Amino acid sequence: MDIVKDLLNGSRLALSRTITAIENEYDEAVDIMKELYPHTGHAFVLGITGPPGAGKSTMTDKLARAYRNMGKTVGIIAVDPTSPFSGGAILGDRIRMNSLTLDEGVFIRSMGTRGSLGGLSHKTADAVKALDAFGKDVIFVETVGVGQSEVDIVKAADTTMVVLIPGMGDDIQAIKAGILEIGDVFAINKADHDGADKLQMELNMMLDLDGEMKEWRPPIQKVIASQGEGINELVAQLDKHYSYIKENGVLEQRRHERTRTELMELLNASIGRYITNSIVKTGRLDNYLEDIKSRANDPYTIVRSLLDELLVK
Ligand SMILES: Nc1nc2c(ncn2[C@@H]2O[C@H](COP(=O)(O)OP(=O)(O)O)[C@@H](O)[C@H]2O)c(=O)[nH]1
Ligand SMILES: [Mg+2]
């Protein structure tokens with residue numbers, strides 16, 4: 001496909017169109033992904049999550065610049081599950097990442113919810129692959145919050161960084177289960193505000209309790225993203241984690257798990273669609289419903305016979 005050739009040859013327009021196709025679930029997206037797939041698997045994917053306003057975009061901007069200074073190319077996907085807007089960069093993010101927009105070595109894209117959240121995590125994963133095939137060395141996936149849907153989104157990442165800020169009060173209790181599970185590196189941003197040390201202490205306690213059996217103890221880095229303070233240290237921590245997962249087979253294991261999940265989800269979705277096409281659209285479903293309601297038949301028997309009919313050839 002021409003669009004794939006162009007993307008692989010470095011066309012930003014082709015990359016942009018590809019992500020649009022992924023986002024809108026155009027039929028051609030599947031064909032594009034097929035051809036891009038052999039070119040993926042090279043980028044370091046960094047997930048960044050945390051509450052709204054924590055400074056994720058500000059931090060992404062600074063981190064991206066740090067990686068650019070090391071000669072690496074950067075892709076950024078800002079995912080906002082609460083926003084119906086997408087396409088270009090969400091305005092606030094664009095301002096926050098101002099310094100990057102003129103850099104040819106950086107590609108920024110926002111994605112919002114056009115469909116379901118579940119769909120969003122799958123689309124994010126495909127967008128990451130497009131950036132990867134394009135040749136980006138480092139790909140940031142910024143997503144709001146620390147709930148289950150965000151956890152799904154950051155599953156596309158090799159390393160996950162959780163950004164917290166002082167003054168969240170009891171919130172940290174509420175989110176701790178989720179964040180302890182997914183955070184490889186913790187950043188306490190807005191360290192210029194009161195309470196950063198207290199938050200660090202609380203977090204350290206939680207990680208100590210949680211981490212006894214774990215080989216990797218997530219580091220906690222204090223940052224003032226708006227002033228660029230602590231960014232180099234953060235990059236060092238991220239690099240350290242990436243080296244660790246590469247050397248200890250964790251990266252391999254995570255990618256294996258991710259590949260498995262992806263294949264299973266794709267398969268389930270395809271089977272679901274196939275069944276929908278054969279039962280719902282042909283009107284057979286309504287007949288079954290009548291039979292079930294009148295007790296002429298039951299759901300279990302119908303499912304069994306449909307499976308025999310549709311899947312066993
Ligand atoms: N005081 C202070 N403000 C910051 C810091 N980092 C970011 N901010 C501000 O916090 C606000 C939210 O930042 P943003 O990056 O958009 O947060 P996001 O929603 O997590 O992406 C912006 O007004 C930033 O300028 C920091 O280290 N200290
Ligand atoms: Mg943001």
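A: Let's start with the rule for a pair: rings of Phe, Tyr and Trp (its six-membered ring) pair if their centres lie within 6.5 Å, and planes under 30 degrees apart count as stacked, over 60 as edge-to-face and the rest as tilted. By that rule, the count here is three aromatic pairs.

One of them is Phe44 with Tyr242, a tilted pair with 4.2 Å centre to centre and 40° between the planes. Phe44 sits in strand E1 (residues 44-50) and Tyr242 in helix H10, so this pair ties together parts that are 198 residues apart in sequence. Helices (H or I, at least four residues) and strands (E, at least two) are DSSP runs, numbered from the N terminus. Phe44 is buried at 5% relative accessible area, and Tyr242 is buried at 14%. Buried means under 20% relative accessible area, exposed over 50%, partly exposed in between (1.4 Å probe, protein chains only).

Another pair is Tyr67 with Phe140, and this one is edge-to-face: 6.0 Å centre to centre, with 65° between the planes. Tyr67 belongs to helix H4 and Phe140 to strand E4 (residues 138-144), so the pair ties together parts that are 73 residues apart in sequence. Tyr67 counts as buried at 1% relative accessibility, and Phe140 is buried too, at 0%.

Now for the helices. H4 (residues 56-69) packs against H10 (residues 231-247) at an angle of about 75°, with axes 10 Å apart. Axes are lines fitted to C-alpha atoms, for helices over the stretch in contact, and angles run from 0 to 180 degrees between N-to-C directions. That makes H4 roughly perpendicular to H10 (under 35 degrees is roughly parallel, over 145 roughly antiparallel, 65 to 115 roughly perpendicular, and the rest oblique). On the H4 side, the contact (heavy atoms within 4.5 Å) is made by Met59, Lys62, Leu63, Ala66 and Tyr67, and on the H10 side by Ile231, Leu234, Val235, Leu238 and Asp239.

Zooming out, the protein has 13 helices and seven strands, and 47% of its 313 residues count as buried.

A couple of notes on the numbers: this is a predicted model, where local features need pLDDT of at least 70, side-chain atom pairs count only at pLDDT 80 or more, and totals for chains, interfaces and linings use all residues. Residues are numbered from 1 along each chain as its sequence is written, chains are lettered from A and ligands numbered from 1 in the order in which they are written, and side-chain values use heavy atoms, leaving out hydrogens and water.
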